[in-house]
Every structure is written in C-alpha cells, then in structure tokens.
Amino acid sequence: MAQPLSIAVVDYEGGNLASAARAALRAAELSGLDASVIITNEPGEVRRADRIILPGQGAFADCAQGLEAIAGLKDAILQAVAKGTPFLGICVGMQLMAERGLEHGVTEGFGWIAGEIAPMEAPGLRLPQMGWNELELHQSHPLTQGLGPAPHGYFVHSYALRNTTDDVLLASADYGGSVPAIVCRNNVAGTQFHVEKSQTVGLKILANFLAWQPEATF
Amino acid sequence: MLKLRVIPCLDVKNGRVVKGVNFVALRDAGDPVEQAAVYDAAGADELTFLDITASHENRDTILDVVSRTAEKIFLPLTVGGGVRTTDDMRRLLLAGADKCAMNSAAVTRPELINEAARKFGSQCVVVAVDARQTAPGTWEVFTHGGRTPTGMNAIDWCRQAAERGAGEILLTSMDRDGTGSGFDLDLLRAATQAVRLPIVASGGVGTLDHFVEGARAGATGLLAASVFHFGQFTVSQVKQALTQAGLPVRPSPAPFQVSQTS
C-alpha cells in the first residue's frame, strides 16, 4: 500500500484551521483518496507534506507577521513550493501569494502571483463582501473541473487582488467589478473565497487540489 | 453577482433546538446537528445557532453542538448567545464557528468589538442588535433577550459597531420577533442607510413575501427560525419567492462528482 497523501494545514494563528482540515479530509473521503491531515507550525512537517494548505483570516499584515514570527516556517513553505509541493492558499492565505498587501501599511507577500492586495471599492455595494458569489471560470484547469453549472463560492473580504496578470486568473466573481476568485501559477493556487465553507463546490476544488499533479514548478 | 443569503436560525438550549415566541413559551423540537444537516441539504446559505439561555447556563453544550455540526456541514456557521469575552469567541471559533454574534457584552463594553476584530478579524465579528421601536423612526437597543432597555439609539449603535470593526450586523426587531407579521422595514431601511456593513434582517417573518420585503429594504441576509423550524416553508420555497421577485439567490449546488481517474 502507498502511504496516505499527507496534507499540512499551516498553523500560524491565521484562521479557522479546523474547518480547512475537516474539509480537506472530507474531500479526500468523497473522492476515495487515502489522506491524512496535520495542523502544524513545525517547519519540518511542512517541508515533508505532500500538500500544503495555508488558511488566513483578518488583516494581511497580521497574517504575514504571524507567519514570520514562527522560526523557519516561511522558509519551509518556500522550500516545499520550490521542490514542487502543491500549495493552496485560502482567503488571506491566497492574498499572501501576491507581491504585497496594502492593509495596515505595505507588507511583502510571497510574490508568486503578480499584483497587490488593495481595498475594494465596490461602489454602491456593502463591504465586506459577505456571501455567495458566482464563479466565472476563465480557463480550463484541473483545479476547476467538475464544479457543475453556475458554481458559487462563499466570500468574506474587503480587500482583493488587483493588477494581476490574466494567465494566473482561473476564476473571478463580480462585485462592483471583477474580483479575482481563483489564481494559480505553476504549483501554487489560491482561492479568495472559503473553499472549506462552500459546500460541494468547495469540496470539489479541494478534491481537485489533492489529486492535482502540476505540470510546472518554480 | 453576490446572492442574498437565506439563513435558518436554530435557537439552542442545553444542546437542544427550541424556538421561542417572543422569547417565552419555548417548544422543544430536536437535535440541532440533525436540523443543521436538513438545512444544509435544503440549500441554506448560512446557519445561525443562537444559544438563548447561555447567559445563565453552562456554555459547553453549545461547543459540542458547534463541533459536531462543523464536522458534517461545510457552510458558514454563526453562533451567538453569551459571547462575553474574546476567550468565549476563541472557544467557539476553535469548535468550528465562523462568526460569533455578540450582543449584551458589546453594549456593556463596546471595546469588546475592537478587541475581537483585532484578534480574529472583522469577518467573524457580528454585532447582534435587538431593537424595539420607542417612537416613530426611533428604536432603542435592548439586551438580555429583549428584557433590558439600554437607553441607546439602535441606529447610532449600528454606526458605532461598524466604526469599532464589526463585520456584520444582525438586526432583530424585538417588536416583530415571533409575531409572523414581517420584518420591521423602517428599522431595516434606517440601519442599511446608516452603515455600509452587510445587515442580516431578523424577527417577524411569517410569509414568503416578508423575505422579499426584507431584501428590498436593503438586508443582504434574511434570517428566520420558526417558519423553517415548524415546516411552514422550506428554504427552497423562499428562494423561489425571491427569484420570482427578481432578486438574486444561489441555486442549490450540484452534488459532488467523483472524477474519472485515468
């Protein structure tokens, strides 16, 4: 028997880790995949994992600092991604993949995805954007297969990615303009919405992520 | 386009579902986790648990309910009732809640909103405002399940909650709650005009039209308990009524498809 697929949910006090872990396990179960999940802040465990999930809630700067505060954790993520481990960022975890965030001052992100995280304008609309928004898929990709007609994701945010490049944009949602919803480059992907709270659509994206064999790495 | 949220609320006491009519005459009707699963399958957009006697009784029963629910259901879950400190919030969030609704404690000590927003992010801080009309166009905040007047203007309180970092307002008309006579639309309009935060309307739904009226008054979330709990309407009937009125709702998601492996 092959070893179960090991999934590391990165714990840096950045969000609802248990929900992300539960959803990843459920996605594995639904797709008949043998998987194990650990919630960890231990760099060695992150480096060894077959998949890395980085949740995130709150402010970009707080999350970025939370990550830096744990010795070796950010380096472990960078090393894992460099050797090709598939990575999924959720909400602020996705935002951290950008070059920089503008919430509470300018903070560096991982820089895997072009662009910056800026306040949403959404003229005439409520902020934060809170609720289910339809995902408009822009390209065919293994991560967005089998989502069914009119897939929706559950969004909660008032900052969003801007000035990114079309090649990384797998899906967007309309909220007073186009809002990046799923981004992907090489072996890293991110969702602005909460896959762990988006019912079968979210579980399917997670299952796709677990099955994903990225063609390119950094 | 963002969709309206239809939010069934489960009033929970000692780990069991009840629904109060004007917060008295409680009727016991079931296991919250089972109820939550029914609403999940029926196309609910979020779920809210309100621990109605939490101020007086053991909090641990709700933690168990939240944790068992979050294991099964991948929908946003708001929990309110007895949230007094950021430690209370942390326990609920760790159990699997996505948002915590604070009411009396925030009125007593408004800094709690700032502390919670700083610690966990605004996205999980809901300020629950229980309002009662005291004069035409004027509403007062009540606490402790509608028993205690505060002298505070409800619309001013919504503004203050927004400034302090709340991510959402759960606005309940105590005049309408349990009556089935519809949301207090003047209250909703006043609040949605005063703050930019999303506002969840609560208290008074009795017909399908009431949901439509609430959405037209500016609420982006529509919460109801009794009409769902006692089977008067299903979530999908509500969504149908909203659709027929030209309002945006989320279709029920497709079932999970297992991919063909090559």
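Which residues of chain B does the UniProt annotation "active site" cover? Let's start there. The entry is unreviewed, and the annotation covers Asp11(B) and Asp130(B). Keep in mind, as we go, that this is a predicted model.

So where do those two sit? Asp11(B) is in strand 1 of chain B, which runs over residues 5–13. Asp130(B) belongs to strand 7 of chain B, residues 125–135. Now, buried or exposed? For Asp11(B), there are 24 other C-beta atoms within 10 Å, and the cut-off for buried is 20 or more, so Asp11(B) is buried. Asp130(B) is buried too, because it has 28 C-beta neighbours inside 10 Å.

And who does Asp130(B) touch? If we skip the neighbours within four places in sequence, the contacts of Asp130(B) are Asn103(B), Val141(B), Phe142(B), Thr143(B), Gly146(B), Thr172(B) and Met174(B).

Some of those names take us to strand 8, so let's go there. Strand 8 of chain B covers residues 138–143, and it pairs with strand 9 of chain B in the antiparallel sense, over three bridges. If you want one spot to look for on the screen, find Glu140(B), which stands opposite Asn153(B) in strand 9 of chain B. The two strands make a hairpin with four residues between them, and in that hairpin His144(B) takes a positive phi near 55 degrees. What about strand 9 of chain B itself, how many of its six residues are buried? Zero, so strand 9, residues 148–153, lies largely in the open.

Okay, over to chain A. Here the secondary structure comes to six helices and 14 strands. The C-alpha trace of chain A spans about 55 × 40 × 30 Å along its principal axes. A compact globule of 218 residues would have a radius of gyration near 17 Å, and chain A, at 16 Å, agrees with that. Of those 218 residues, 56% are buried. Here's another one I like: take the contacts in chain A with a separation of 6 or more, and 73% of them are between residues 24 or more positions apart.

One sheet to look at in chain A: four strands, in the order 6-5-7-11, forming an open sheet with mixed pairing. Strand 6 (107–108) and strand 11 (159–162) stand at the edges with a single partner strand each, so each of them has one side without a neighbour in the sheet. If you're new to this, strands of a sheet pair through backbone hydrogen bonds, and that can be parallel or antiparallel. Strand 5 of chain A, residues 98–101, is joined to strand 6 of chain A by two bridges, and that pair runs antiparallel. You can check it on Gly101(A), which stands opposite Thr107(A) in strand 6 of chain A.

Chain A has an "active site" annotation as well, again from an unreviewed UniProt entry, covering Cys91(A), His194(A) and Glu196(A). These residues span 106 residues in sequence, yet no two of their C-alpha atoms are more than 10.4 Å apart, so they gather at one spot.

Let's take two of them in turn. His194(A) is in the loop between strand 14 (188–191) and helix 6 (199–211) of chain A. His194(A) counts as buried because 26 other C-beta atoms lie within 10 Å. Leaving out residues up to four places away in sequence, His194(A) touches Ile90(A), Cys91(A), Tyr154(A), Val156(A) and Gly202(A).

Glu196(A) has its place in the loop between strand 14 and helix 6 of chain A. Glu196(A) has 32 C-beta neighbours inside 10 Å, so it counts as buried. With residues up to four places away in sequence left out, Glu196(A) touches Ser19(A), Ala20(A), Ala23(A), Ile90(A), Gly202(A) and also Phe74(B).

The contact takes 40 residues from chain A and 34 residues from chain B. On the side of chain B that touches chain A, helix 2 (60–72) and helix 3 (86–95) of chain B each supply at least two residues. That side of chain B divides into 18 nonpolar, eight polar and eight charged residues.

Last stop, the core. The largest nonpolar core has 161 residues, and those with the most contacts inside it include Ala24(A), Val183(A), Val66(B) and Cys100(B).

Methods:
Residues are numbered from 1 along each chain as its sequence is written. Chains are lettered from A and ligands numbered from 1 in the order in which they are written. This is a predicted model: local features need pLDDT of at least 70, side-chain atom pairs count only at pLDDT 80 or more; totals for chains, interfaces and linings use all residues. Two residues are in contact if their C-beta atoms, placed from the backbone, lie within 7 Å. Ala, Val, Leu, Ile, Met, Phe, Trp, Tyr, Cys and Pro count as nonpolar, Asp, Glu, Lys and Arg as charged, and the others, Gly among them, as polar. UniProt positions are given in the numbering used here, feature names are shortened, and annotations may be inferred rather than shown by experiment. A residue is buried if 20 or more other C-beta atoms lie within 10 Å of its own, exposed if 12 or fewer, and partly exposed in between; C-beta atoms are placed from the backbone. Two strands pair if DSSP finds at least two bridges between them. A nonpolar core is a set of buried Ala, Val, Leu, Ile, Met, Phe, Trp, Tyr and Cys residues joined through C-beta atoms within 7 Å. The radius of gyration is taken over C-alpha atoms; the globule rule is 2.2 Å times the number of residues to the power 0.38.
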